[in-house]
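Colleague: I'm new to this one. Can you walk me through the pockets and then the sheet?

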Amino acid sequence: ETIKYLKYLGVKNIRSVGNLKFVQNKFKKLYLPERLKKLISSKTTWCAASTHNGEEQISMNAHKKLSKKYNNLLSVIIPRHINRSRELVEMFKDNNLKVHCHSWKTQVPKNTDIYLVDTYGETEKFFNLIKIVFVGGSLVKHGGQNPLEPARHGCNILYGPYVNNFKKIYNYLDKIQVAKKIRGDKSLFKNVELLISNKSKGRSIIKRVKNLGDKISKFVIKEIESSLIK
């Protein structure tokens, strides 16, 4: 699609090297407080990341259904815009759910239902621990959010029908059975439940995404070098 528009603008020498979003940063340090890591490890967990208005309600409904089967369930919700955190806390409390915010930096009660990540730049730290991730912006008409961060960490990804901004990436992740499309709260509940009951294939996911990223980065470097020589 990009090539088509570049040609329309009169660009002639075009080389497609692949999507650089697949290339990963090997030097990131992903630390969470030890107490929080232990709590997450002791729970049945899943994550709703980069959620937009309406998707937190859908995630909460899925949590309620899942909690009937898993009494130690912890749902981690990471809204795309943290300025909505206060209204989300109120919504969870109004539904008799115990919520704890990441920014509170206090010990998390063991009976917490919803862990709300109300700070920026933290998502990968949670993907490093939680291997079932719904990627938001996809059950509302937003166009989706980038699913490659959770994929790099070996997460099984769920997403809605509105992913126009990342269509090719989702097509690839579907093809290698990393991602699966859902339709709403019932579908979200069913697929999270299915992934909880099945063993994670995290290492296989990490290897496949990394291999593609490595191929793209080598190709990019080769193209840059050849251009410099010319």
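Modeller: Pockets first, so a definition. On a 1 Å grid over the protein atoms alone, a pocket is an open set of points where a 1.4 Å probe fits, with protein on both sides within 12 Å along at least five of seven lines; lining residues have an atom within 4 Å of a point. This is a predicted model: local features need pLDDT of at least 70, side-chain atom pairs count only at pLDDT 80 or more, and totals for chains, interfaces and linings use all residues. Residues are numbered from 1 along each chain as its sequence is written, and side-chain values use heavy atoms, leaving out hydrogens and water.

Colleague: Okay. Which residues lie nearest the centre of the largest pocket?

Modeller: E1, T2, S16, N19 and K168, out of 20 lining residues. Two elements give two or more residues to that lining: α1 (2-8) and α7 (167-175). Helices here are DSSP runs of H or I with at least four residues, and strands are E runs of at least two, numbered from the N terminus.

Colleague: Which element gives the largest share?

Modeller: α7, with five residues.

Colleague: And how much space lies in there?

Modeller: About 670 Å³. That volume is the space filled by probe spheres set on the grid points, which are joined across faces, edges and corners.

Colleague: What about the second largest pocket: what volume does it have?

Modeller: About 390 Å³. It has 19 lining residues, with S50, R80, G121, T123 and E149 closest to the centre. β2 (73-79), α5 (123-127) and α6 (148-152) each supply at least two of the lining residues. α5 gives the most, four.

Colleague: Switching to the sheet. What is the strand order?

Modeller: β3-β4-β2-β1-β5-β6-β7, an open sheet of seven strands with parallel pairing. Two strands pair if DSSP finds at least two bridges between them.

Colleague: Which are the edge strands?

Modeller: β3 (99-101) and β7 (179-181), each pairing on one side only. From one strand to the next, the twist averages 20°.

Colleague: How many bridges join β1 to β5?

Modeller: Three, between residues 44-51 of β1 and 132-135 of β5, running parallel. A48 stands opposite F134 in β5.

Colleague: Last one. Which strands does helix α4 touch?

Modeller: α4 (residues 85-94) packs on the sheet and touches β2, β3 and β4 (114-116). Contact means heavy atoms within 4.5 Å. The direction of α4 makes about 175° with that of β4. Axes are lines fitted to C-alpha atoms, for helices over the stretch in contact, and angles run from 0 to 180 degrees between N-to-C directions.
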